[in-house]
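Look at the sequence and the structure shown below. The report that follows goes through some helices, some strands and a few single residues.

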Amino acid sequence: MTVHDKFLALGTHFGKVYLLDIQGNVTQKFEIVQVFGLYTREGFHENFDFKPYGLICPLSIFVTGGNKLLLYEKNWLNRWKTSVLHEGEGSITNIKWRANLIAWANNVGVKIYDISTKQRITNVLRDNVSLRPDMYPCSLCWKDNATLIVGWGTSIKICVVKERNPTEMRDLPSRYVEITSAFETEFFISGLAPLADQLVTLFFVKENSDHMDEEFRARPRLDIIQPLAESCEEISSDALTVRNFQDNECRDYRLEHAEGESLFYIISPKDVVVAKERDQDDHIDWLLEKKKYEEALMAAEISFKNIKRHDVQKIGMSYINHLVEKGDYDSAARKCQKVLGKNMELWENEVYRFKTIGQLKAISQYLPRGDLRLRPAIYEMILHEFLRTDYEGFATLIREWPGELYNNMAIVQAVTDHLKRDPTNSTLLTTLAELYTYDQRYDRALEIYLRLRHKDVYQLIHKHNLFSSIEDKIVLLMDFDKEKAVDMLLDNEDKISVNRVVEELADRPELLHVYLHKLFKRDHHKGQKYHERQIGLYAEYDRPNLLPFLRDSTHCPLEKALEICQQRNFVEETVFLLSRMGNCRRALQMIMEELEDVDKAIEFAKEQDDAELWEDLISYSIDKPPFITGLLNNIGTHVDPILLIHRIKEGMEIPNLRDSLVKILQDYNLQILLREGCKKILVADSLSLLQKMHRTQMRGVRVDEENICESCHATILPSDMAKPFGVVVFHCRHMFHKECLPSPGTIHGVQFCNICSAKRRGPGSGILEMKK
């Protein structure tokens with residue numbers, strides 16, 4: 001059999017030749033064809049007996065086999081000229097011609113002949129000489145014009161014809177053959193064909209029987225292999241079912257292929273099997289047959305431009321149907337997003353199908369909600385289903401779905417009806433508030449949020465500017481979250497005034513204190529009119545912040561504050577108020593008598609820096625040894641310690657006296673060192689400044705025609721410079737004619753600048769006198 005792009009030629013053992021089209025239909029038949037001696041010992045005869053048709057052969061050159069390889073060429077007389085290309089190595093069993101290269105196989109091996117140079121290029125020897133060549137014939141095929149694939153027995157070799165380097169030619173052929181790959185296979189080779197960079201191989205298979213010792217013939221295999229340098233990798237394998245394969249031998253099979261098309265023909269004595277490369281449609285058919293719908297859908301999406309018999313959406317629908325039949329409703333609903341796309345009709349059909357099987361919940365979260373939208377009735381149907389069976393799921397859909405998808409009023413009415421049966425259900429109330437928000441009925445939403453103490457109430461107020469609606473709900477907001485409520489009120493004083501907030505919180509002093517405290521922290525002057533009220537609020541609810549408030553406030557009445565603090569016996573606050581009102585002695589007395597804290601008394605005396613306070617402190621402490629110790633440790637930098645030591649009674653036992661005296665001496669030494677250091681610095685700075693002043697005063701002063709006498713306002717320099725003149729220049733840079741200066745003062749020879757003396761800048765000591 002041989003293959004043409006448009007037809008097949010098939011010969012039989014009975015001498016008949018059939019021409020078939022690509023589909024296998026007989027288009028022409030030659031009843032008797034006799035070609036003698038092609039593969040026999042009889043030699044080749046130029047007898048071509050074609051009945052009932054004659055044959056006109058358009059070729060001018062061809063070769064034949066047998067015991068010799070003969071080349072036939074037509075001469076100029078249109079007669080055939082015969083040339084023997086090779087002989088003497090047994091029968092020639094296979095010939096393949098490609099471009100200028102002829103390859104043939106005999107009992108010894110494979111030869112390649114170059115028609116263009118009329119030279120034999122190479123001889124590829126047969127590997128397994130134990131196999132009979134007539135039973136296990138050689139398979140040859142050209143992959144391209146320079147690559148020959150040889151299969152013999154279980155061996156495959158890939159031979160590449162290459163051009164020889166001209167410098168190496170000598171008497172050698174211009175081409176040579178390099179074997180790029182050689183490997184063994186598991187079975188006997190009946191045919192070879194190229195497939196891109198892979199090989200299609202037809203194997204004759206013999207297997208061992210489990211019940212018999214002898215081998216038996218199995219079905220032939222058509223494999224695709226990937227050749228490597230010394231081995232191969234199996235890509236795919238198919239066992240072929242042909243008639244009477246149990247009786248066939250290796251020589252009974254052949255493999256032909258159509259160049260340019262992925263069509264392969266397997267010839268056996270009883271059958272011709274056509275094999276073609278699987279396309280994506282075939283792959284999808286197989287996946288669908290095996291119910292691998294997900295893989296089929298993925299393959300169709302990847303190769304949607306190349307598939308011809310399948311449609312991506314139809315495959316997707318089959319997958320959805322399969323998932324529904326399995327009961328995997330969630331996966332089926334999820335696939336709807338991908339498969340149904342923007343087909344509204346398919347979407348609605350699927351929704352109604354899911355409703356029929358009671359699985360509306362499964363498809364709800366995957367419904368389109370963007371540019372593509374279904375009819376509002378579809379969304380309302382799902383919402384009613386959730387409202388009937390699942391309040392939480394209903395609330396989730398309301399949050400996730402835009403309000404434009406459904407009739408908001410209809411859903412509000414449905415929720416209201418359910419709340420009549422369950423009026424305290426927080427989920428339904430929250431959802432109703434969200435529905436009111438979508439419908440821009442913010443006042444109703446706010447009421448529900450406040451009633452539920454919902455965290456979104458502040459966001460709702462800010463987002464929709466509902467400050468006018470919360471003026472009478474400030475107490476509710478404060479009860480819910482004081483910090484957030486106060487921050488919101490203070491941030492929006494322009495919308496809700498301080499007076500309005502104070503008025504609303506008048507009956508809740510603990511909340512009023514929180515508000516006024518934060519207001520005071522932000523600005524000490526904004527709520528000044530409420531500072532008097534805040535004194536009582538701090539005293540009642542927040543004493544730790546009372547003293548800082550009294551210190552920072554300049555608007556609270558001190559008498560009122562003192563009265564409150566004395567009533568509640570707040571000593572520290574009373575001490576501060578007394579000192580602020582000028583009654584420092586009473587304040588010190590309270591520290592000493594009520595607090596009995598000498599350190600605080602000393603600190604207070606230091607702050608006031610009043611000698612009388614120190615005297616009072618010493619007088620109070622003189623009969624209290626612990627107080628004396630405290631004074632000795634801290635008094636040294638403010639009061640002479642000798643005053644205290646002289647007043648200590650003889651024989652009084654004072655704790656840690658030695659340490660206190662040592663500290664006094666150390667403090668005294670430190671003060672002496674500081675004084676001496678300061679003195680040295682002062683002397684050095686004075687000397688440096690004196691030297692700088694001296695250098696400055698010793699510098700010359702420029703006098704020219706532009707300067708004037710500060711007394712007569714005439715030009716300081718005369719017009720006639722030849723005449724004698726006198727000019728006096730003070731260090732203050734005021735200039736006078738000598739005759740314009742008044743007579744010297746009480747100190748002989750010392751003159752002062754009249755201008756600087758009048759302005760009390762001090763005398764312009766030192767005179768620069770210029771004479772000529």
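At roughly what angle do the axes of helix α16 and helix α17 cross? The model is predicted, and in it the two axes cross at roughly 115° and come within 10 Å. Two packed helices are described by the angle between their axes and the distance between the axes. Helix α16 covers residues 509–522, and helix α17 covers residues 531–541. The crossing of α16 past α17 is left-handed. On the α16 side, P509, E510, L512, H513, L516, H517 and F520 make the contact. On the α17 side, the contact is made by H531, R533, Q534, L537, Y538 and Y541.

These helices belong to a protein that has 27 helices and 29 strands. Of its 772 residues, 41% are buried. Among contacts between residues at least 6 apart in sequence, 46% join residues at least 24 apart.

**Helix α22**

Helix α22 spans residues 598–608, and V598, A601, I602, F604 and A605 in it are buried. Seen down the axis of α22, these buried residues fall within an arc of 160°, so they line one face of the helix. An α-helix has 3.6 residues a turn, so residues three or four places apart point the same way. The face of α22 turned away from the buried side carries D599 and E607, which are exposed. Just after α22 comes D609, with a positive phi of about 50°.

**Strands**

Strands of a sheet pair through backbone hydrogen bonds, either parallel or antiparallel.

| Strand pair | Sense | Bridges |
|---|---|---|
| β8 (residues 68–74) and β9 | antiparallel | 7 bridges |
| β12 (residues 109–114) and β13 (residues 119–125) | antiparallel | 6 bridges |

Is S155 buried or exposed? The cut-off for a buried residue is a relative accessible area under 20%. S155 has a relative accessible area of 7%, so S155 is buried. This residue is found in strand β16, residues 155–163. The side chain of S155 makes a polar contact with the side chain of D127, at 2.8 Å. Leaving aside residues up to four places away in sequence, S155 touches D127, V150, F183, E184 and I189.

Y449 is found in helix α11, residues 442–452. Its relative accessible area is 5%, so Y449 is buried. Which residues does Y449 touch, not counting residues up to four places away in sequence? Y449 touches A433, E434, H454, D456, V457 and L460. Y449 and L432 are 17 residues apart in sequence, and their C-alpha atoms are 9.9 Å apart in space.

Conventions. Residues numbered from 1 in each chain as written. Predicted model: local features only at pLDDT ≥ 70, side-chain atom pairs only at ≥ 80, totals over all residues. Heavy atoms only, no water. Pairing = 2+ DSSP bridges. Helix = DSSP H or I, 4+ residues; strand = E, 2+ residues; numbered from the N terminus. Buried < 20%, exposed > 50% of the residue type's maximum accessible area, 1.4 Å probe, protein only. Polar contact = N/O pair within 3.5 Å; in protein donor to acceptor, adjacent residues only side chain to side chain. Contact = heavy atoms within 4.5 Å. Arc of directions from axis to C-beta. Axes fitted to C-alpha atoms, helices over the stretch in contact; angles between N-to-C directions. Left-handed = near helix turned anticlockwise from the far one by under 90°.
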